[in-house]
Amino acid sequence: MEPISTQVAIVGAGPSGMILALLLQMAGVDCVVLERRARADVLARIRAGVLEPTAVEFLRESGLITRLDRLGRPRNGSRIAWQDRPSMMIDVKRWTGTEMMAYGQTFLTEDLYAQSDVLGTRLFEEVSELQIAGIDSPRPTLEFRSPRGSYRVTCDYVIGCDGARGQCVSLIPEANRRTFERVYPFGWLGIMSETPPIDDFTYIHHADGFALAAQRGPNLSRYYVQTPLDQGVEAWSDDRFWKTFLHRAPKDIAEQVVTGPSIEKSLAPLRSRVVEPMRWGNLFLAGDAAHVVPPTGAKGLNLAISDVRLLSRALLAHYNDGTDDLLDRYSQDALQRVWAASNLSWKLTRLLHVFPGEPSIDARLRLCDYEQLLESEDLQRALARDYAGASLA
Ligand code: APR
Ligand code: PHB
């Protein structure tokens with residue numbers, strides 16, 4: 001087994017792991033990254049595509065995302081459309097003075113991997129049999145296999161960026177870990193199509209369920225419909241998908257939609273999960289490894305970015321200035337944002353979806369919520385600030 005000594009070992013090369021690795025490396029902190037999957041699999045993942053203003057600013061300043069201003073599409077906010085009611089803007093520009101950015105996670109991951117090639121990041125791909133020990137000791141170890149051989153890494157800190165099904169979270173003793181979870185009784189069926197998108201990201205509520213029109217580029221659109229979980233993707237022909245979407249969309253939106261063959265189709269169940277704490281000994285968790293939000297609100301990627309923003313500052317303060325206050329506060333600081341985003345995601349999910357088997361009173365209460373939102377600028381401002389992640393910026 002080949003020995004490797006480093007300062008920081010990062011498990012997982014999704015957005016959290018890669019952003020953190022590159023920031024540390026550029027600041028002269030030595031790190032290695034371990035990724036279970038092959039690069040092509042990581043790059044093929046399709047996830048949400050909306051960045052908050054603070055995430056845009058942070059990524060722009062970092063210089064990591066070279067195509068952000070070329071491929072990204074600034075957005076004033078997103079629209080909510082409601083069956084038989086006027087639509088409304090979640091007007092981030094108006095209420096916060098800042099802009100969101102449409103930038104697909106796929107583009108972001110490509111940028112990060114390209115940058116890691118330039119910087120020569122020590123990235124081990126297709127790793128297996130990972131065993132992590134000693135997170136309570138000053139030099140934790142990670143043993144693993146990769147196609148290049150077997151390795152034993154010793155480090156100061158282990159960072160668990162290994163996503164929603166990762167193993168790092170279970171290194172926190174069960175007695176000291178709390179998991180808060182909600183599993184929703186439906187999913188989102190999403191398709192990608194090479195057609196021009198409609199102008200705004202549009203969240204649609206209809207008595208038959210939710211739908212969303214999203215975008216990736218001038219000729220790349222992403223659409224979703226709320227679906228029961230008992231049918232897989234194979235039950236959804238393109239024809240059935242478009243009929244369902246167009247039926248749920250109000251007429252003025254449906255008229256703008258350009259339909260076309262799907263180039264990708266996937267079903268994502270919705271759930272919400274938060275693990276506390278996000279630090280144990282010399283282990284820190286970031287991104288989906290610590291929390292999952294339903295996609296309504298597009299907070300998953302933004303939370304991952306805000307975690308690694310906090311964590312990179314904290315690690316640099318440790319290595320450059322010898323101060324550990326930020327490391328000690330990491331879990332508390334990160335969780336504040338995590339809970340705020342989880343709350344927004346829950347409120348939007350509850351407002352916009354139809355829950356199977358719900359009592360009839362729920363539809364009226366939901367409509368009441370929407371009508372209050374239409375009438376109250378205070379509520380619109382509050383929603384826009386939460387949607388932009390501005391409340392804690
Ligand atoms: N060893 C190495 N890598 C692992 C292991 C392991 N044992 N287990 C999981 N991984 C890898 C996964 O293969 C994946 O590439 O960790 C990575 C985690 O990446 P993401 O799931 O993308 O999580 P994260 O980087 O936190 O990004 C969060 O991605 O999931 C979306 O909606 C989410 O947008 C949010 C963002
Ligand atoms: C997407 O672009 O896929 C997207 C946008 C907004 C959401 C979720 C997903 O809330």
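User: Before we start, what should I know about the model and numbering?
Analyst: It's a predicted model: local features need pLDDT of at least 70, side-chain atom pairs count only at pLDDT 80 or more, and totals for chains, interfaces and linings use all residues. Residues are numbered from 1 along each chain as its sequence is written, chains are lettered from A and ligands numbered from 1 in the order in which they are written, and side-chain values use heavy atoms, with hydrogens and water left out.

User: OK, how many residues surround ligand 2?
Analyst: 14, and the closest are Gly 49, Tyr 203, Arg 216, Tyr 224 and Pro 295. Near means a heavy atom within 4 Å.

User: What class are they?
Analyst: 10 nonpolar, 2 polar and 2 charged. Here Ala, Val, Leu, Ile, Met, Phe, Trp, Tyr, Cys and Pro count as nonpolar, Asp, Glu, Lys and Arg as charged, and the others, Gly among them, as polar.

User: Which strand gives the most to that shell?
Analyst: E16, with 3 residues. Strands are DSSP runs of at least two residues, numbered from the N terminus.

User: How far is the side chain of Tyr 224 from a ligand 2 oxygen?
Analyst: An N or O atom of that side chain is 2.5 Å from the oxygen. That's a polar contact, a pair of N or O atoms within 3.5 Å. Backbone polar atoms of Gly 49 and Ala 298 each sit 3.3 Å from a ligand oxygen.

User: Switching topic: what's the strand order in the open sheet?
Analyst: E1-E12-E11-E10, with mixed pairing. Two strands pair if DSSP finds at least two bridges between them.

Technical notes. Polar contact = N/O pair within 3.5 Å; in protein donor to acceptor, adjacent residues only side chain to side chain. Helix = DSSP H or I, 4+ residues; strand = E, 2+ residues; numbered from the N terminus.
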